[in-house]
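The stops below are given in the order in which to select them.

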Amino acid sequence: MKIEKISKTCVLGTDFHCAGLTYTGIEAIVFIPKLLLHPVNLSLLPVLALDLDGTLADYSEGWQGPDIIGEPISEALGTLTHLAAFGWRMFLFTTRGVLDPVIKWLIKHRLDQIFEGVNILHHNPPQCSHKPIFDVLIDDRAYPFCGRQLTSEDWLQIREDLTEDEQWREKVRRAREFSQDRGVGS
Ligand SMILES: [Mg+2]
């Protein structure tokens, strides 16, 4: 069940009651950060989508279970606070399906004051698919940011990186090792 508007005080319980309905199995959560309490045209602000494991949280031990999330990677929290002050809107996207530990982790590190949502972009127009609209994605598995349309030269570079470049092949091997023994974190 997808819940599109929810306060952070509602997400820690198993069920969420709203308008006479009981929701179970929360798949997506929208916080209401302090930023949104101020009148601002949100469509003018850049959107940052972020991964959790290996990006914000330490994942050097690989998958440890749904209730175990690594400590924040050094400088990550300070950087997000800095970006938020510059007007970036932030959304977290994770392959973790059990979100209560994720919410507790965000609250513990005061990131619920910065992130607007988990696994949802509530400003996606209704005709959109589930792919979130964002300006920049930060993910430990993402290919480097271009900020423009890919060119044929980019695609030739991708071909070389992923098939011939030994450093890249080693990166992929490491990523695969974590993928093969993990649960759902990535
Ligand atoms: Mg990751």
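Leaving aside its neighbours within four places in sequence, which residues is Met 90 in contact with? Select Met 90 and look for Leu 48, Leu 50, Leu 80, Ala 84, Ile 114, Phe 115 and Glu 116. Two residues are in contact here if their C-beta atoms, placed from the backbone, lie within 7 Å.

Before going on, some conventions. This is a predicted model, in which local features need pLDDT of at least 70 and side-chain atom pairs count only at pLDDT 80 or more, while totals for chains, interfaces and linings use all residues. Residues are numbered from 1 along each chain as its sequence is written.

**The whole chain**

Colour by secondary structure. The protein has four helices and seven strands; these are DSSP runs numbered from the N terminus, with helices being H or I of at least four residues and strands E of at least two. From the N terminus on, the order is β-β-β-β-α-β-α-β-β-α-α. Of the 186 residues, 22% count as buried. Buried means that 20 or more other C-beta atoms lie within 10 Å of the residue's own, exposed means 12 or fewer, and partly exposed is in between, with C-beta atoms placed from the backbone. Among contacts with a separation of 6 or more, 72% come from residues 24 or more positions apart.

**Strand 5**

Select residues 89-93, which are strand 5. Five of its five residues are buried, so strand 5 is largely enclosed by the rest of the structure. Arg 89, Phe 91 and Phe 93 point one way from the strand, and Met 90 and Leu 92 point the other way.

Strand 4 and strand 5 run parallel and are joined by five bridges; strands count as paired if DSSP finds at least two bridges between them. One place to check is Asp 51, whose bridge partner in strand 5 is Phe 93. Follow the chain from strand 4 through helix 1 (residues 76-85) to strand 5: this β-α-β crossover is right-handed. Right-handed means that, with the strands pointing away from the viewer, the path from the first strand over the helix to the second runs clockwise.

Strand 5 and strand 6 are parallel, over three bridges, and Met 90 stands opposite Phe 115. The chain passes from strand 5 through helix 2 to strand 6 in another β-α-β crossover, which is right-handed.

Return to strand 4 and select strand 7 (residues 136-138), which pairs with strand 4 in the parallel sense over three bridges. Leu 48 stands opposite Val 136 in strand 7.

**The nonpolar core**

Which residues touch the most other members of the largest nonpolar core? Select Met 90, Phe 91, Leu 92, Val 102, Leu 106, Phe 115 and Val 118, out of 23 residues in that core. A nonpolar core is a set of buried Ala, Val, Leu, Ile, Met, Phe, Trp, Tyr and Cys residues joined through C-beta atoms within 7 Å.

Move on to Arg 110, in the loop between helix 2 and strand 6. Its phi is near 60°, a positive value in a residue other than glycine. Arg 110 counts as exposed because it has 10 C-beta neighbours inside 10 Å.

Is Ile 114 buried or exposed? Ile 114 lies in the loop between helix 2 and strand 6, and it is buried, with 23 other C-beta atoms within 10 Å. Draw a C-alpha to C-alpha distance from Ile 114 to Ala 84: the two are 30 residues apart in sequence and 6.6 Å apart in space.

**Two further stops**

Select Glu 75, in the loop between strand 4 and helix 1. Glu 75 is not a glycine, but its phi is positive, about 80°. With 9 C-beta neighbours inside 10 Å, Glu 75 counts as exposed.

Finish at helix 3 (residues 152-163). Of its twelve residues the number buried is zero, so helix 3 lies largely in the open.

How values were computed. Expected span 1.5 Å × (residues − 1).
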